[in-house]
Structure formats: C-alpha cells, structure tokens
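Reader: I've got a model open and I'd like to learn how to read the inside of it. Can we go through it together?

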Amino acid sequence: MDVSLLMEYGWVLIILVALEGLLAADNALVLAIMVKHLPEEERKKALFYGLAGAFIFRFASLFAISFLVDVWQVQAIGALYLLFMAGNHIFRKVVKGNVVEKEKKETVRKSGFWTTVLKVELADIAFAVDSILAAVAMAVVLPNTPLPNIGGLDGGKFLVIFAGGIIGLVIMRFAANMFVKLLERRPGLEIAAFAIVGWVGVKLAVYTLSHPELAILNEDFAHSTEWKVSFYLVLVGIAAAGWFFSKDKVLKTSEKEVS
C-alpha cells in the first residue's frame, strides 16, 4: 500500500481508538454498576465472563456485518441507530441530567451471580453493536486495498475495524479506569463522544444516500476529498469543544479550596 493510503487508514484507526476509549469507559461504568452488589470474587468472575462475551459478540457482529455491509437497507438502519443512540444519550444527559443516573443505580436489583452474568452479556451485545457500527461507518468509505475481501468487505477495511474492536476490548479491560477518571474530570467529553457517534451516523447516512440503488446523492460524493475534509474538521471541532468547554473538576475544586 502507498504512503497516502497508509496515512488515511492510520488516521481512521487513531480516531477509532480515541472513540473506543471514551465509549469503553462509559460501558465500563455501566458494567461496574451491574456487578457491584456481588462479593469481590464473584464480581471478578462476572466481569471476566463479561469480557469473554464482549470478545465473542464483537467478532460475531463484525463477521455478520462484513457480509451485509453493501446492503443499503442495513446501512440505513445502522445510520438511524447511531443517530438515535447519540441523540437519546445526549438528551438524557443534558435534559434529564443526573436524575437518570440516580434512577439507573436505584433500579439495579441485587440479582444472583448467573442472572448478573446474563445481564452483563446482554449489555455486551448492545455495546458490540454500538462499537462495530461506529467503526464500520468510519471505515466503509476508505479506499480499497490490495488485500483480499473478507465477507463482503475489503480486507484493509476489515482489519482496521478488527483492530478498533480489539483495542476497545483492551481499553475496557485495562485502561477503562484512566478514561473514567478523564470523564469524571471533564464530563463534557462524554457528550462530545456521543456527538461524534451521531456525526459518524451522518457519515454512514451520506454513504447510504450515495448507494447506487438509491442514488439520492452522487455516488462519488461520499468518497470525495471535500466531504472527507469537512467530516474530519467537524469531528475535530466536536472533540475540541468537548475538551475546552468542559470545566476541569480538579482545577475547579482547587480554586474553591484556595478561595
């Protein structure tokens, strides 16, 4: 592969790693709430089974979608799902605020070990779908590579989505605490992450509308330099806004102590 192709794939992979990190932190918080009522040893086992389930479900989702990725109806459903997920999360966070989190914590019943494991696995399915759809939407408009197809997906695109999924699992297992602390310090990053998910949904929608069977947009538009540059500029703008407009809670606490 030439240098420009490698750079484009590398850039998408970097964005996927950052997005996976923030989403994995949010997912880790949910799983922590689900298992916290268990004794420590059972809690560790439940999270281990959860990680194994996440691994299986992500790969199952990836291989399933690799065969369906060129079906415009699947693309449309994926775009709508990402837009709904982002809008719903931001609405609940901004409009309802901490009320939702309190309700979530209060409604977690003290289930038995295997019931808790089942709930964790069901949550893993939802997380896997979120992660894979976001990764597919990012990778699907990348240029094709000389690598052989896997399913209906170019080998290079499959590998970048695969790598994003693996990194997401590693982050969920080993680096989630770091991202959780980052989200606690700058809570606006969580909203920014889901805003990016929504923007990625827009990207998948553009790709869908450019599908030859629909041809609502010009087929070349989704692959055009103008659209790619516009997409990444908005994406970086959302991330920057999430960082700069989110007050650092540690700094804020220090200022209060000084005053």
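Reader: Which residues is lysine 203 in contact with, leaving aside its neighbours within four places in sequence?

Author: Contact means heavy atoms within 4.5 Å. By that rule, and with those neighbours left out, lysine 203 touches Ala137, Met138, Val141, Trp227, Phe231 and Tyr232. Bear in mind that this is a predicted model: local features need pLDDT of at least 70, side-chain atom pairs count only at pLDDT 80 or more, and totals for chains, interfaces and linings use all residues. Residues are numbered from 1 along each chain as its sequence is written, and side-chain values use heavy atoms, leaving out hydrogens and water.

Reader: Is lysine 203 buried or exposed?

Author: Buried means under 20% relative accessible area, exposed over 50%, partly exposed in between (1.4 Å probe, protein chains only). Lysine 203 is buried, yet has no salt bridge (a side-chain nitrogen of Lys or Arg within 4 Å of a carboxyl oxygen of Asp or Glu).

Reader: Which residues have the most contacts inside the largest nonpolar core?

Author: A nonpolar core is a set of buried Ala, Val, Leu, Ile, Met, Phe, Trp, Tyr and Cys residues joined through side-chain atoms within 4.5 Å. Here the largest has 42 residues, with Leu82, Met138, Ile161 and Phe231 having the most contacts inside it. Another core, of 9 residues, lies apart from it and includes Leu38 and Phe127.

Reader: And what does isoleucine 161 touch?

Author: Leaving aside neighbours within four places in sequence, isoleucine 161 is in contact with Leu62, Ile132, Ala135, Val136, Ala139 and Leu153.

Definitions and conventions:
Lys, Arg positive; Asp, Glu negative; His and termini not counted.
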